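Here are a few friendly notes to read alongside the structure. Please take them in order, with the view open beside you.

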Amino acid sequence: MFSLTRTDGHLLSTDPARLDLDLVHHWLSTDAYWALGRDRETTARAFAGSLPFGVYRPEDGSQVAVARAVTDGATFAWLCDVYVDRSARGRGLGGWLAGAVRDHLAELGVRRILLATNDAHQVYAGVGFTPLEVPQRWMQLDQRPPVSRVTGKEQSGGTPLTVET
């Protein structure tokens, strides 16, 4: 297990037993655009197959942030499911968490970490992440069903739900 304490007392730990998976599932399935509607079992399996990072409040030890790295522990990692509780935002925890993940993976020998974000580019740039220079080299196979941004539920093959603004 890896742990690190920030100067203000926040504790980061990779101990999976410390994760509040019910809380993590709630955060991701209701407030994270990339995981809206994700079921609890999928969240549990995803974290079980990854290197988890939890951040805990100094006053009471309650969890305030999470991230996971899907990694071989030697050459490559995908940083994902990075989430800071809304009540704890604005204190630099996201950047600290991303930097701690980066540093811990570097200690394992991992030299390439990828991530995807719609809205937190500055947070990740602050700890050294840069846009891909040659995205045409990268390919994907994305077999996820479409998810409604309104309900967070998978859409069936019917007409997508739209919202007039």
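1. Let us start with what covers helix α1: its buried residues have α2 (40–48), β4 (63–71) and β5 (76–84) among their cover, where contact means heavy atoms within 4.5 Å. Helices (H or I, at least four residues) and strands (E, at least two) are DSSP runs, numbered from the N terminus. The model is a predicted one, in which local features need pLDDT of at least 70, side-chain atom pairs count only at pLDDT 80 or more, and totals for chains, interfaces and linings use all residues. Residues are numbered from 1 along each chain as its sequence is written, and side-chain values use heavy atoms, leaving out hydrogens and water.

2. Which residues of α1 are buried? In this helix, residues 21–31, they are V24, H25, W27, L28 and S29; buried means under 20% relative accessible area, exposed over 50%, partly exposed in between (1.4 Å probe, protein chains only).

3. Now to the sheet. Six strands form an open sheet in the order β1-β2-β3-β4-β5-β6, with mixed pairing; two strands pair if DSSP finds at least two bridges between them. At the edges are β1 (3–5) and β6 (112–114), each pairing on one side only.

4. Strand β1 runs antiparallel to β2 (residues 11–13), and three bridges join them. Opposite S3 stands S13 in β2.

5. Finally, look at W138, in the segment after α4 (121–125). Why does W138 count as partly exposed? Because its relative accessibility is 38%.
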